[in-house]
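Please look over the sequence and the model together before reading on.

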Amino acid sequence: MSLMSLTAVELGKRIQNKEVTAVDATRAALAAIAAREKAVGSFVTVDAEGAPARAEQIQKKIDAGELTSPLAGVPVAIKDNMCTKGMKTTCSSKILFDFIPTFTAEAVRNLEKAGAVIIGKTNMDEFAMGSTTETSAYGVTKNPWNTGHVPGGSSGGSCAAVAAEECSYALGSDTGGSIRQPSSFCGVTGIKPTYGTVSRYGLIAYGSSLDQIGPIAKDVTDCATILEIISSHDSKDSTSVKREDTNFTEALVDDVKGMKIGIPRDYLGEGLNAEVKEAVLAAAKELEKKGAVVEEFDLGLVEYAIPAYYVIACAEASSNLARFDGVKYGYRTADYDGLHQMYKKSRSEGFGAEVKRRIMLGSFVLSSGYYDAYYLKALRVKALIKKAFDEAFAKYDVILGPAAPTTAPKLGASLSDPIQMYLGDIYTISVNLAGLPGISLPCGMDSQGLPIGLQLIGDCFQEKHIIRAAYAFEQTRDYKHSPTAMQDEKGA
C-alpha cells in the first residue's frame, strides 16, 4: 500500500511512531505526482527540489521532539491563490504568470508551523471564477474517477490531487461552493468554515465578503484536524474572528442521538438528479437510524440566491482585480503606446474570458444608475437569506442536502453554457452569503461510477455540529476505495 493511500492523520501517526519518515512521505507524494499528473493535471507548480529538503528539516525537529503536531511531516498541496513565499503563485492566470510572493498566507504559515511539507500549488479556475477548473490558463484538470469528466471548481486541482492520491490533503478556498462542489465531484471531504474562522491574509481575493479557506482530505477526521491547525485570529485580517472553540477534533464522536436535522424541500425539487436525490435521502435515513430527528421544511428564497451571489461576487471581483494592471507585477503587454493603452492591453491579454465576463458584470452593477437597482438590492436579498437561515437554525442543529444537483459533467459541457454552470452552485452559494460553515462528504456513486456528495450546513460558529453529523454518517460507509486504488486492483 502506498503511503499516499493513508489518511493524513494515519500517515502523521506513522511518522511520529518512527515507522516512516517525513522524507519517505514526501518522496511517495512526488512519485505519485510523476505517475499520475499527466492524466489528471492537478498541479500548476511542483516543488520537486524544495519539498524533500524541507522534509529533512522537519524530520530533524520531529526526532528532537520539537514537532508533535498530528500532521508534522505530512505532504500538503496548496491552491494556487494562496501566497507562498519564494514559490510561484499565479491564480492560474496569465496575468500572474511569473508572480513570486515575498510573504506566505497566514493559513499556510499555520500549517508550516505545524510541520507540513508543501509539495506544490494546485490548478484552479482562473482567479477562482468557475465551477469546473477549465478556465485555468495552464490547462484543464480532470476528474480522477473518470478523466472525461470535470473535477468541479474552483478548487478542482486540490480535490483531484487528494482523490488521485498525489498528496495527503490540500487547502482550497470557497467563495460560492468552491471547496464543497469539487469535493462532491471527486469523492473527497471538504469543509468551508464559518466566515472569519481562517485568516484570509495572503489569499488573493475574488469576493472579499465571501472567500474562506478550508481543508480538503480523505475523511472527516483529517478535515477536523487540519481545520484546528489553520484556524487562528489574525490582526492582519480585519475580518478575522477571535474564537476559543476551535478544538474541532472533539466533535469526532459517533453519536447523533437527538440531533435535529432539517432537509429543505426547496433543495429536492426541479433540477436535482434522481440518483443524487436518492443517495442524499438515503444518507438522511442512516442518520435517522442512529437517533437523529430528521424532517423536511421550507427554507425559502433559494431561487434568489444565485442572482444575489453573482451580483455581489462580481462587484467585489471588479474592485479586487483592478490591481492587476501590468505596472508592479505580473504580465505586461509587449507593445503599447502610453499608460492607458498599457493598462488596457495588459488586462485584455492577461485575463481569460470568464474573468473578463465577471469584471464587466461587476463594473456594470456598480455603475451610476444601476448601483441601487442591482447591487443594493442584492445586499438586501443577502440579509434576507441570512434571516431565513437564522429561523431554520432556531429549529435545527444541522441542515442536510446535496452539494451539487448532478455528478461531475463531461469536460467542455459547462463552458458552452455559462448560465447552466452558474446554476450548478444553487445548493452551496447561500452558505457563503450567510457566512455559515458547510461540509461535503461522499454518500454514494451514480450509475456512471461518479461520486455523489452530501452537504451538511451548520449555524455560524457551529462547525462541531456538522463535523459530528458527518463523522457519524461516515461510520456507516466504507471509504477505503479511491479511484487510484480501484485502478490498481484492476491492474493487478
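Strand β1 (residues 43-46) is joined to β3 by three bridges, and the two strands run antiparallel; in this pairing Val46 stands opposite Gly120 in β3. The model is a predicted one, in which local features need pLDDT of at least 70 and side-chain atom pairs count only at pLDDT 80 or more, while totals for chains, interfaces and linings use all residues. Residues are numbered from 1 along each chain as its sequence is written, and side-chain values use heavy atoms, with hydrogens and water left out.

Strand β3 also pairs with β2, this time in parallel and over five bridges, and the bridge partner of Ala77 in β3 is Gly120. Six of the six residues of β3 are buried, which leaves the strand mostly covered; buried means under 20% relative accessible area, exposed means over 50%, and partly exposed lies in between, with a 1.4 Å probe and protein chains only.

From β2 the pairing continues to β4, to which β2 is joined by three bridges in the parallel sense, with Val76 opposite Tyr169 in β4. Strand β4 in turn pairs with strand β6 (residues 212-217) over five bridges, in the antiparallel sense, and there Gln212 of β6 is the bridge partner of Asp174. How many of the residues of β4 are buried? Six of the six residues of β4 (residues 169-174) are buried, so this strand is largely enclosed by the rest of the structure. In a regular strand the side chains alternate between the two faces of the sheet.

Turning to the helices, α1 has Ala8, Val9, Leu11, Gly12 and Ile15 as its buried residues. Seen down the axis of α1, these residues fall within an arc of 160°, so they line one face of the helix; the arc is that of the directions from the helix axis to the C-beta atoms. The buried residues of α1 pack against α2, α3, β2, β4 and α7 (220-230), where contact means heavy atoms within 4.5 Å. After α1 comes Lys18, whose phi is positive, near 65°.

Helix α3 (residues 50-63) has 14 residues, which at 1.5 Å a residue should span 20 Å, and its end C-alpha atoms are 20 Å apart, in agreement with that value; the expected span is 1.5 Å times one less than the number of residues. Within α3, the residues Ala51, Pro52, Ala55, Ile58, Gln59 and Ile62 are buried, and because they cover an arc of only 115° around the axis, they lie on the same side of α3. They pack against α1 (8-16), α2 (22-40) and β3 (117-122). Gly65 follows α3, and its phi is positive, near 80°.

Asn320 lies in helix α9 and counts as buried at 9% relative accessibility. Leaving out residues up to four places away in sequence, Asn320 touches Ala205, Tyr206, Gly207 and Ser208; Asn320 and Ile204 are 116 residues apart in sequence but 8.8 Å apart in space, C-alpha to C-alpha. Ser430, in helix α14 (residues 429-433), is buried with a relative accessible area of 4%, and apart from its neighbours within four places in sequence it is in contact with Ala305, Ile385 and Phe389.

Finally, the structure holds 14 aromatic pairs, where rings of Phe, Tyr and Trp (its six-membered ring) pair if their centres lie within 6.5 Å, and planes under 30 degrees apart count as stacked, over 60 as edge-to-face and the rest as tilted. Phe97 and Tyr331 have ring centres 6.3 Å apart and planes at 70°, so this pair is edge-to-face. The pair links distant parts of the chain, with Phe97 in the loop between β2 (75-79) and α4 (106-113) and Tyr331 in the loop between α9 (302-320) and α10 (339-350), 234 residues apart. Phe97 is partly exposed at 37% relative accessibility, whereas Tyr331 is buried at 15%.

Conventions: Helices (H or I, at least four residues) and strands (E, at least two) are DSSP runs, numbered from the N terminus. Two strands pair if DSSP finds at least two bridges between them.
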